Amino acid sequence: MIILLVEDDASLQRGLLRALEDMGHQAVPASDGEHADTLLSAEPFDLVVLDLGLPKLDGLEVLRRLRNRRKSTPVLVLSARDRTQDRVHGLNSGADDYLNKPFDLSEFEARVRALLRRGQGAQTRVGMLDWSWESRQASIAGEPLVLSAKEISLLETLLQQVDRVISKETLSHRLGDVDMAAGDNTVEVYIHRMRRKLASAGLEIITVRGVGYLLRETADAR
Ligand code: CA
């Protein structure tokens, strides 16, 4: 997923860029409203994280221009203004969600995931596996697949980037959302378990040595 991150506070921008990259996304930074508006006119993004107080062009104006171009890109608004009036204004201008500063990184990640999920539609099918982004439940050929919380996090991450390599660090980080003690070995254990659970769905998880893992349909299923 490609995310535009519009934030003029340099240290916050750095922190959020890292968080988005750790989640396995490509993040493009912009530090003022005009630059953001130019990028949004030129390229498609899967999500925009938009600060409101920006130099050159206010965040709400960037949002208004985006919606005037009839773009439905999800927008997560960040703001230090915690007045209810601003929140209502932001949502009326076409923001999909709103996060007041200061916020926890885990809260930020949860909002980003939810908005990206919404953009992907409610349901994903790969091989014989059906996945609901809403209920976070999987089934194979109509049979519910029983998964632990960590297995759900792992599968969700793999499904966000089917046919693309996901780094071991990203998966470790994602498993760490559930249990902070998760290490490299934990990823291997869970990948091994997930392979067995997904085999009957015609899916395989390939190890790309020194890089990470990739979920795809097995050759005979394609
Ligand atoms: Ca600002």
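**Ground rules**

I am looking at a predicted model, where local features need pLDDT of at least 70, side-chain atom pairs count only at pLDDT 80 or more, and totals for chains, interfaces and linings use all residues. Residues are numbered from 1 along each chain as its sequence is written, and side-chain values use heavy atoms, with hydrogens and water left out. I take helices (H or I, at least four residues) and strands (E, at least two) as DSSP runs, numbered from the N terminus.

**Entry 1: the five-stranded sheet**

I began with the open sheet of five strands, whose order is S2-S1-S3-S4-S5, with parallel pairing. Here two strands pair if DSSP finds at least two bridges between them. I noted strand S2 (26–30) and strand S5 (97–100) as the edge strands, each pairing on one side only. From one strand to the next, the twist averages 20°. For angles and axes, I use lines fitted to C-alpha atoms, for helices over the stretch in contact, and the angles run from 0 to 180 degrees between N-to-C directions.

Looking inside the sheet, I found S1 and S3 running parallel, joined by four bridges. Ile3 stands opposite Leu47 in S3. Helix H1 packs on this sheet and touches S1, S2 and strand S4 (75–79), with its direction at about 165° to that of S2. Contact here means heavy atoms within 4.5 Å.

**Entry 2: the calcium ion**

Which residues coordinate the calcium ion? I found Asp8 (OD), Asp51 (OD) and Gly53 (O), at 2.2 to 2.3 Å. The donor spacing in sequence reads D-x42-D-x1-G. Asp8 is in the loop between strand S1 (2–6) and helix H1 (10–22), while Asp51 is in strand S3 (residues 47–51); the two are 43 residues apart, and the pair links distant parts of the chain. A note to myself: donors are N, O and S atoms within 2.8 Å of the metal (3.2 Å for Na, K and Ca), and water is not among the atoms, so sites may look incomplete.

**Entry 3: H2 against H3**

Two packed helices are described by the angle between their axes and the distance between the axes. For helix H2 (residues 33–42) and helix H3 (residues 59–68), I wrote down an angle of about 15° and axes 9 Å apart. That makes H2 roughly parallel to H3. The scale is this: angles under 35 degrees count as roughly parallel, over 145 as roughly antiparallel, 65 to 115 as roughly perpendicular and the rest as oblique.

H2 supplies Gly33, Ala36, Asp37 and Leu40 to the contact, and H3 supplies Val62, Arg65 and Leu66. I sorted these residues into four nonpolar, one polar and two charged. In that sorting, Ala, Val, Leu, Ile, Met, Phe, Trp, Tyr, Cys and Pro count as nonpolar, Asp, Glu, Lys and Arg as charged, and the others, Gly among them, as polar.

**Entry 4: H6 against H7**

How do helix H6 and helix H7 cross? The axes of H6 (residues 149–160) and H7 (residues 168–176) come within 9 Å and cross at roughly 140°, which makes H6 oblique to H7. From H6, Lys150, Ser153, Leu154, Glu156, Thr157 and Gln160 meet Thr170, Leu171, Arg174 and Leu175 in H7. I count this contact as three nonpolar, four polar and three charged residues.

**Entry 5: the three-stranded sheet**

Next came an open sheet of three strands in the order S10-S12-S11, with antiparallel pairing. Strand S10 (166–167) and strand S11 (203–208) stand at the edges with a single partner strand each, so one side of each has no neighbour in the sheet. S10 pairs with strand S12 (residues 212–217) over two bridges, and Ile166 has Tyr213 as its bridge partner in S12. S11 and S12 pair over six bridges, with Leu215 of S12 as the bridge partner of Ile205. In their hairpin, three residues lie between the strands, and Gly210 takes a positive phi near 75°.

Most residues other than glycine have a negative phi, and most peptide bonds are trans. Lys56, in the loop between S3 and H3, has a positive phi near 70°. The peptide bond joining Lys101 and Pro102 is cis, with omega about -5°. I placed Pro102 in the loop between S5 and helix H5 (105–120).
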